[in-house]
Structure formats: C-alpha cells, structure tokens
Amino acid sequence: RRFVRRALAGDGPGAWSVLEAAFAAGMSVPDAYPRIVIPALEQVGELWSNGEISIAQEHAASAVATRVVARLGSRITRRGMSKGSVVVGAPAGELHALPTSIAADIFRAAGFEVLDLGANLPAESFAAIATEQPRLVAVGMSVTSPGQGEIVRATIEAIREANDVPVLLGGPGIADADEADELGADFYAAKATDALPWLEALVNR
C-alpha cells in the first residue's frame, strides 16, 4: 500500500525507500517483484479501471515503476551455471515494455540468460532474433491489451517456423490457458513467477 501511494504521487525516491525498508527487513531483491512491485501494479490497474484514479496518476505510477524496476534489475545477477537462454518480448502493436522487463529479471534471477526484446516487435524480427540465441529454452511473449489475437498467433507461427521452440504466453491481454492454447502457445502464465516451474521442467527434460 505504501508503494502504491508513492507511485501514484510520482514519488520515485519514496517508492524506492519502501523497497529499501523491505530489503533491510530481509526481503531478497527477486522477492520484491511478486511481493511488492507486481501486486502494486495490479492495484494501480484496478484503481484506473474502476475510475478511482486519473490517467495522469496511472501514467505517473507506471513511470515510477519503470524506474524502480530498472534499479532492481541492476541488482540481479545470475549465479552458477546458466540453465540456458530465454527470449522475452511483446508483439507488434503492444506498447508496454515494463512486463517484459519484470519477466526478464525474474527469469534471470532463477538462473537463465535472458534477452529482453521490449515491446512492439514485428513477428519476423522476433523470430529471427530468437533463432540466434544459444541453448534456447523458450520464448516468452507478454500481451497486456486484449484483442491482439491475430498478431499474437502470427508471431508464434513465425517463431515456430524459424525455430521449433516452446512458447510461453501471458499477461492481462490473454484471458486464460485456453486462449493461449488456441493461439498456439505451449504454456500460459498470468505472471512471470508462474512460468518458473515450467521453465525448470523444460531444462530437466
């Protein structure tokens, strides 16, 4: 709640101080995502959807979250042997890059090498870059806005034509696992943390 209040006020230093207090109390950097940052963003989204905050406040909170995630990411280092590489990104027309940044950090903290392609990436480029990655375990795609099914399906098809690799689909723009399956994905995860057991299973297999 404190993080949300700071974010809505556009108070980046204040939001970061909330995290620093959590770290001082023993929280790890990776745990800050599922325990503070992601729930805070979900709450901001609900407040905006319900008309309880303005668009300006929502944008201010998103800007604060973007700066906070950048600072958190710089503190995450992969230890030990790499489990393989994961490519994450958002398809053409998807303008939100923050979810891919969060997913990249969560996967990196779990021991994967991660290439974050950001948002609004054409299908052909997505597929070509994924093909170039060594020891590719999976490709993850974030969709925050509904109604992008055809673009998502075309992107997954392009990835599969270039490299027969498992595809992870998630984000609030995808209703559920059934929709992800219908679009051609191998796995659906509402949050990046939900995808970790699936990624680990791919590595073990």
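Reader: How much space lies in the second largest pocket?

Author: Welcome! Please keep in mind that this is a predicted model. The second largest pocket holds a space of about 220 Å³.

Reader: Which residues are the closest to the centre of that pocket?

Author: The second largest pocket is lined by 13 residues. Of these, the closest to its centre are Arg-1, Arg-2, Phe-3, Val-18 and Ile-36.

Reader: Which element gives the largest share of the lining of the second largest pocket?

Author: Helix 1 (2–8), helix 2 (12–24) and helix 3 are the elements that give two or more residues to this lining. By class, the lining divides into nine nonpolar, one polar and three charged residues. The largest share, five residues, comes from helix 3.

Reader: Now for the largest pocket: which residues lie nearest its centre?

Author: About 1,200 Å³ of space lies in the largest pocket. Its lining is made up of 36 residues. Nearest the centre lie Leu-41, His-96, Pro-99, Thr-144 and Pro-172.

Reader: Which element gives the most to the lining of the largest pocket?

Author: Both helices and strands give two or more residues to this lining: helix 3 (29–49), helix 4 (55–73), strand 1 (85–89), helix 5 (98–109), strand 3 (136–142) and strand 4 (167–170). With eight residues, the element that gives the most is helix 3.

Reader: How many charged residues are in the lining of the largest pocket?

Author: Sorted by class, the lining of the largest pocket has 19 nonpolar and 13 polar residues. The number of charged residues there is four.

Reader: On to the backbone: what is the phi of Asn-120?

Author: Most residues other than glycine have a negative phi. Asn-120 lies in the loop between strand 2 (113–116) and helix 6 (123–131). Although Asn-120 is not a glycine, its phi is positive, at about 60°.

Reader: Why does Asn-120 count as partly exposed?

Author: Partly exposed covers the range between the buried cut-off, under 20%, and the exposed one, over 50%. Asn-120 falls in that range because its relative accessibility is 41%.

Reader: And is Arg-135 buried or exposed?

Author: Arg-135 is found in the loop between helix 6 and strand 3. Its phi is also a positive value in a residue other than glycine, near 50°. The cut-off for exposed is over 50%. Since the relative accessible area of Arg-135 is 54%, this residue is exposed.

Definitions and conventions. Residues numbered from 1 in each chain as written. Predicted model: local features only at pLDDT ≥ 70, side-chain atom pairs only at ≥ 80, totals over all residues. Heavy atoms only, no water. 1 Å grid on protein atoms, 1.4 Å probe; cavity = no way out; pocket = protein on both sides within 12 Å on 5 of 7 lines; lining within 4 Å. Points joined across faces, edges and corners; volume = space filled by probe spheres on them. Helix = DSSP H or I, 4+ residues; strand = E, 2+ residues; numbered from the N terminus. Nonpolar A, V, L, I, M, F, W, Y, C, P; charged D, E, K, R; others polar. Buried < 20%, exposed > 50% of the residue type's maximum accessible area, 1.4 Å probe, protein only.
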